[in-house]
Amino acid sequence: MAEVLVLAEHTADGEVKKVTLELLTAARRLGEPSVVWTGPGADAAQPRLAEYGAAKVYVADSPDFAGYVVAPAAELLASLVASASPAAVLIAGTTEGKEIAGRLAVKTGSGVLTDAVDVTAGTDGAPLADQPNFGGAITVHSTVKKGTPIIAVRPNSVAAEVAPGPAAVEAVAFTASDAAKTARITEHVVAAASERPELSEASIVVSGGRGTGSADGFGVIEQLADSLGAAVGASRAVVDAGWYPHAFQVGQTGKTVSPQLYVAVGISGAIQHRAGMQTSKTIVAVNKDAEAPIFEIADFGVVGDLFTVVPQLIEEIGKRKGL
Amino acid sequence: MNIVVCVKQVPDTEVERSLVPGDNTVDRASVDGVINYLDEFAIEEGLKIAEAQGGEVTILSVGPAKAAESIRKALSMGAHKAVHVIDDALAGSDALETSLAIAEALKVVGFDLVVFGSESTDARTGVVPAMVAERLGVPQLTLAGKVDVSGSEVTIRRVADDGYEVVTGSLPAVVSVVEKINEPRYPTFKGIMAAKKKPVQTLSLADLSLDPGSVGLANAASWVEDFAKRPPRAAGVVVKDEGDGGGKTAAFLADRKFI
């Protein structure tokens, strides 16, 4: 069976990001998954990669990946595409993952599919991707006609499934070329650590909109998120007003999320916002305007003042969790 | 400094958009074309850098005749001149092909700094700036939330999920900027009038020494087999809060096993 390369997303100490396990699950439908591990931490991660079906783990433990913007990762993948002739390359559909995919596509003369929410083997065995377009208004089925299919899969779209594999580690000697070392990373500044899950990977997202009224008012969104163990999102109106940072913006511009549960509070649901969240599995909305378009896509909606509904909801959640 | 800002005309995001049945390309005809919202930040950043460092801002757009409206708007914001790459053979190009046309056009036009918006609101692939940097072999300074130019060095804050990275490269370079990096200016009446007289050069594939067989729908490496409108979501339950809205919501969440 042909190899399928899976570029691992991970922390420096070997913690495997959930999306990597999702990629492994999708890769198994196309062939035998070979993880490509950049930088340190592979030893700690090996058991986890084995649990989710990795056949091989190519480990290139070079400091160049953390030292230069995306080009070294694309260079490593291009050399593995040449040596392993994989059936496909799967990469996390994050902003950085897509950039790696793009550079790899140029290097290998291959087609690239971004934002795939599902990947299956087509009738000829070649990968077929589902891509939501225009914020999920339509779904496109796409294939790659040239080179090695490169697919960036949106985090949280494919359910990770356990399937034991050998995860045999194979060290790869890698030093980035000078051409891949033109954009130097001189510092990595980590924002104040948050206990909340990452927005694009969270299974529950609670977002607040204009209805929260102010930066102070937005605090109730954080409280509700914490009571549900959720990530916090914000509408463009909130970000434009400066009530919450842009990194948390959900919408046509900003993050696209598709969690199991999306709670939209004080968000009217303009097309620009829906484009970032309408593929969520379950949608709950609270808004004082019964005509708000968010109710058209909500599985459950409450027409009311968020400042009375949400505190009561938080209290109820507390009670139910206390039981 | 010679700054080139790449601008894409996209279908208006405020209305319903779709693909053209048959060839499955973006329907650009039945919807108003607007400047890609994220490119407005790129134009503003290019203008700011030119104002601070001296130099000119050239708008570069690859697109059909209709894109001329968006080029004119970019000029009315203050850019000095524009280059419009227009050729029927480009229709239906995918990201790989588009990046080829842009890279070749940049070689013809010449540049010190190329500025992109981080992605387009239509295809949203987010791959073109990285592809162009790869093709040109210049530093990829993308996803910038802040750009500083000092002599021949460009330093950006590259936005990451957990904070940011400080990234430096030498000119010539490719930069992409994220939403909210600045406040894009509105065209003034004077700007709109001046834009009418600014030069717009058109380039064909032949001018870029590109073979028509290297671009366009028929030669694309990524291919749309078919598409379907997303089925409307089943109507949900909407209740009016009568003092029990929070409780009812909690009951719904419990029923669905979220709590």
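A residue is called buried when its relative accessible area is under 20%, exposed when the area is over 50%, and partly exposed in between, as found with a 1.4 Å probe on the protein chains only. Helices (H or I, at least four residues) and strands (E, at least two) are DSSP runs, numbered from the N terminus. The structure is a predicted model, in which local features need a pLDDT of at least 70 and side-chain atom pairs count only at pLDDT 80 or more, while totals for chains, interfaces and linings use all residues. Residues are numbered from 1 along each chain as its sequence is written, chains are lettered from A and ligands numbered from 1 in the order in which they are written, and side-chain values use heavy atoms, with hydrogens and water left out.

Confidence is given both for residues and for the complex. Chain B has an average pLDDT of 95, with 100% of its residues scoring at least 70, where pLDDT is the predictor's confidence in each residue on a scale from 0 to 100. For the complex, the predictor gives an ipTM of 0.94 and a pTM of 0.93.

In chain A, helix 5 covers residues 95-108, and ten of its 14 residues are buried, so this helix is largely enclosed by the rest of the structure. The buried residues are A:G97, A:K98, A:E99, A:I100, A:A101, A:G102, A:R103, A:L104, A:A105 and A:V106. The expected span of a helix is 1.5 Å times one less than its number of residues; for the 14 residues of helix 5 of chain A this gives 20 Å, which agrees with the 20 Å between the end C-alpha atoms. After helix 5 of chain A comes A:G109, with a positive phi near 60 degrees.

Helix 1 of chain B, made of residues 37-53, can be described in the same terms. Its 17 residues should span 24 Å, and the end C-alpha atoms lie 25 Å apart, which agrees.

Strand 1 of chain A (residues 3-7) is mostly covered, since five of its five residues are buried. Both of its faces are covered, with A:E3, A:L5 and A:L7 buried on one side and A:V4 and A:V6 buried on the other. Two strands pair if DSSP finds at least two bridges between them, and strand 1 of chain A pairs in the parallel sense with strand 2 (residues 32-38) of chain A over five bridges. Within this pairing, A:L5 has A:S34 of strand 2 as its bridge partner.

Some backbone angles in the loops also deserve a description. Most residues other than glycine have a negative phi, and most peptide bonds are trans. A:N156, which is not a glycine, has a positive phi of about 75 degrees; it is placed in the loop between strand 9 (150-153) and strand 10 (168-171) of chain A, and A:N156 is buried, with a relative accessible area of 12%. In chain B, the phi of B:R124 is positive, near 55 degrees, and this residue is found in the loop between strand 6 (113-117) and helix 4 (128-136). B:R124 is likewise buried, with a relative accessible area of 12%. A cis peptide bond, with omega about -5 degrees, joins B:L171 and B:P172, and B:P172 is found in the loop between strand 9 (163-170) and strand 10 (173-177) of chain B.

Grid points are joined across faces, edges and corners, and a volume is the space filled by probe spheres set on the points. By this rule there are three cavities of 30 Å³ or more. The largest cavity has a volume of about 60 Å³, and strand 2 (residues 9-11) of chain B gives the largest share of its lining, three residues. The second largest cavity, of about 40 Å³, is lined by residues including A:R103, A:T182, B:V138 and B:Q140.

How values were computed: 1 Å grid on protein atoms, 1.4 Å probe; cavity = no way out; pocket = protein on both sides within 12 Å on 5 of 7 lines; lining within 4 Å.
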